[in-house]
Amino acid sequence: MPVILSWNARGLGGKSKASHLKKLIFKHKVDMVLILESKCCSSSVPFSIIRNFWGMANLDWVGVDVVGLSGGILCIWNKDYVSVSCSFKFQSWMLLSCRFSSPIFSSFVDVIYAPC
């Protein structure tokens, strides 16, 4: 079964958060990570920063940009095990159409961030 990690980061600015996330990904052999409240503009995050979280180059990502000082969603996946055929992005949520390779099945992944 695929391993999906969902994490409310409350911002990705610090090095300790990036290090902690990277450790979680390796420890649990994560195929897809859903980062909520990234507080970053996903369209301007450089590949090198994303790769730093993931630790390998064979990845892809999509995100919903931050609105004001809160929100932001960033989804990163290992392209060896997950294929995303399309994504629908809205202000505080997104829907991904995914195909997982082990075991082989297709599913929608819905990521919602709802601030208090």
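Cysteine 75 is buried, with a relative accessible area of 0% (buried means under 20% relative accessible area, exposed over 50% and partly exposed in between, with a 1.4 Å probe and protein chains only). The model is predicted, so local features need pLDDT of at least 70 and side-chain atom pairs count only at pLDDT 80 or more, while totals for chains, interfaces and linings use all residues. Residues are numbered from 1 along each chain as its sequence is written, and side-chain values use heavy atoms, with hydrogens and water left out.

**Cysteines**

- The whole structure contains 0 disulfides, a disulfide being a pair of cysteine sulfur atoms within 2.5 Å.
- The cysteine sulfur closest to that of cysteine 75 belongs to cysteine 98, and at 8.3 Å it is too far for a bond.
- Cysteine 98 is likewise in no disulfide, and with 2% relative accessibility it counts as buried.

**Sheet**

- Three strands form an open sheet in the order E5-E6-E7, with antiparallel pairing; strands are DSSP runs (E, at least two residues) numbered from the N terminus, and two of them pair if DSSP finds at least two bridges between them.
- Strand E5 (82-89) and strand E7 (104-112) are the edge strands, each pairing on one side only.
- On average, neighbouring strands of this sheet are turned by 15° against each other, direction ignored; axes are lines fitted to C-alpha atoms, and angles run from 0 to 180 degrees between N-to-C directions.

**Pairing of E6 and E7**

- Strand E6 (residues 93-101) pairs with E7 in the antiparallel sense over 9 bridges.
- Methionine 94 stands opposite valine 111 in E7.

Technical notes: Helix = DSSP H or I, 4+ residues; strand = E, 2+ residues; numbered from the N terminus.
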